[in-house]
Amino acid sequence: MDGFDRKILFELQRDCSLSLAELSERVGLSQTPCWRRIQNLEKQGVIRKRVALLNTEAVNLGLTVFVNLKTNQHNPEWLESVADFAEQAPEITEFYRMSGETDYLLKVLVPDMKAYDAFYKRLISQAGFSDVSSSFAMEQMKYSTEVPLDYIERKS
């Protein structure tokens, strides 16, 4: 990955709706080589997909909840069951297996406490949790989907 690829990734992370002409101009390439690089980055899996980021307040998702799960069940069948639940629950926007005291961490978006309570009841019906604790975000201090590009190995 060279400087052009990094510039392409930088610009696409900021605004993936740029036209090919605008993107090419910003990174200093003509359109055909720029398009080939984008296609190559997609083929390599560097660019997973291009999406629209929504304002959660505007779509009635004003409550962000971080849910810490602990379990005594550490087997593939249980993990598959929980992963299937997470995949089917649109409220879960992020799902992580953790090290340390918490086994799993969920980020959940819902309109309000009543909706979270309904989600919580569905979650605990999965069984096998030794502890479920929730933290409610009071204010979003930073939110970004941009990943740092300074750690990409540089080609000569």
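Colleague: What is the bridge partner of L69 in β4?

Modeller: The partner of L69 is V132. Keep in mind that this is a predicted model.

Colleague: What makes β1 and β4 a pair?

Modeller: Two strands pair if there are at least two bridges between them. β1 and β4 have 7 bridges, in the antiparallel sense, so they meet the definition of a pair.

Colleague: In which sense do β1 and β3 pair?

Modeller: Antiparallel, over 7 bridges. Within this pairing, V67 stands opposite L106 and F66 stands opposite K107.

Colleague: How many bridges join β2 to β3?

Modeller: There are 5, and the two strands run antiparallel. One example is Y96, which stands opposite L105 in β3. β2 and β3 form a hairpin with 6 residues between them, and in its turn G100 has a positive phi of about 95°.

Colleague: What is K107 in contact with, leaving aside its neighbours within four places in sequence?

Modeller: Its contacts include T64, V65 and F66, along with E91, I92, T93, E94 and Y143.

Colleague: Why is A83 called partly exposed?

Modeller: Exposed means over 50% and buried means under 20%, with partly exposed in between. A83 has a relative accessible area of 30%, so A83 is partly exposed. A83 lies in helix α4. Its C-alpha is separated by 30 Å from that of L12, a residue 71 places away along the chain.

Colleague: How do you know that the buried residues of α4 line one face of the helix?

Modeller: The residues in question are W78, V82, F85 and A86. Seen down the axis of α4, they fall within an arc of 100°, so they line one face. The general rule is that an α-helix has 3.6 residues a turn, so residues three or four places apart point the same way.

Colleague: What covers these buried residues of α4, and which exposed residues does the face turned away from them carry?

Modeller: The cover includes β1, β2, β3, α5 and β4. The face turned away from the buried side carries the exposed residues P76, E77, E80, E87 and Q88.

Colleague: How does the reach of α4 compare with the span expected at 1.5 Å a residue?

Modeller: α4 has 13 residues and reaches 18 Å from its first C-alpha to its last, close to the expected 18 Å. At the start of the helix, a side-chain oxygen of N75 comes to within 3.2 Å of the backbone nitrogen of E77. A polar contact is a pair of N or O atoms within 3.5 Å, so this distance is inside the cut-off.

Colleague: Which residues have the most contacts inside the largest nonpolar core?

Modeller: They are V67, V108, F119 and L123, in a core of 19 residues. β1, α4, β3, α5 and β4 each supply at least two residues of this core. A second, separate core has 12 residues, including L9, L12, L29 and I38.

Colleague: What puts the buried residues of α2 on the same side of the helix?

Modeller: L23, S24 and V27 are the buried residues of α2. They cover an arc of only 100° around the axis, which puts them on the same side. What covers them includes α1 and α3.

Colleague: Why is N60 called exposed, and what is its phi?

Modeller: Exposed means over 50%. N60 has a relative accessibility of 52%, so N60 counts as exposed. N60 lies in the loop between α3 and β1. Its phi is near 60°, a positive value in a residue other than glycine. Most residues other than glycine have a negative phi.

Terms used. Residues numbered from 1 in each chain as written. Predicted model: local features only at pLDDT ≥ 70, side-chain atom pairs only at ≥ 80, totals over all residues. Heavy atoms only, no water. Helix = DSSP H or I, 4+ residues; strand = E, 2+ residues; numbered from the N terminus. Expected span 1.5 Å × (residues − 1). Buried < 20%, exposed > 50% of the residue type's maximum accessible area, 1.4 Å probe, protein only. Arc of directions from axis to C-beta. Contact = heavy atoms within 4.5 Å. Polar contact = N/O pair within 3.5 Å; in protein donor to acceptor, adjacent residues only side chain to side chain. Core = buried A, V, L, I, M, F, W, Y, C linked by side-chain atoms within 4.5 Å.
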